[in-house]
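Please view the sequence and the structure below before reading the notes.

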Amino acid sequence: MPNSKDVFIAIQEFINSSDVIKLYYEEASKKATFPYGVITDPVETSLRYGNLVYFDINIWSKEPTTGDDLEDIVRKIINLLDRKLFPKQRAVVYFETQKPISDPEFELIKKQITFSIKVF
């Protein structure tokens, strides 16, 4: 069975090649410029045939005026990943939910998009 980490790396490469947003796996680069995304919080469950993995993509932005731009980025990511098949990793991704999260301590705006992956 393929490793779910390989799926996350494939997702990262796929999104980064689309020029929608710079996406990192687990932790952003210290040199990351806003807005950027981070794949976080994978929760993996073993199924009879394969694994089911839930994960979040957190999108971070500093500018409060980028609301429409941020929503556009979220929509593009959802459109790119929902029902996306990664044949080499034997995985398919599904959109689950999205929600805004603000972090007043750091004056950052965060959007959280949750996806599930079925790894066969």
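**Overview**

The chain has two helices and six strands (DSSP runs, H or I of at least four residues for helices and E of at least two for strands, numbered from the N terminus). This is a predicted model, in which local features need pLDDT of at least 70 and side-chain atom pairs count only at pLDDT 80 or more, while totals for chains, interfaces and linings use all residues. Residues are numbered from 1 along each chain as its sequence is written, and side-chain values use heavy atoms, with hydrogens and water left out.

**Fold and burial**

- The order of elements along the sequence is α-β-β-β-α-β-β-β.
- The C-alpha trace spans about 45 × 25 × 25 Å along its principal axes.
- Of the 120 residues in the chain, 43% are buried (under 20% relative accessible area, with exposed over 50% and partly exposed in between, for a 1.4 Å probe and protein chains only).

**Aromatic pairs**

- The structure holds seven aromatic pairs (ring centres of Phe, Tyr or the six-membered ring of Trp within 6.5 Å; planes under 30 degrees apart are stacked, over 60 edge-to-face, the rest tilted).
- The rings of F14 and F86 are edge-to-face, with centres 5.9 Å apart and planes at 90 degrees.
- This pair joins helix α1 (residues 4-17), which holds F14, to strand β4 (residues 84-86), which holds F86, 72 residues apart.
- F14 is partly exposed at 22% relative accessible area, whereas F86 is buried at 6%.
- One aromatic cluster is formed by F8, Y25, F55, F95 and F115.
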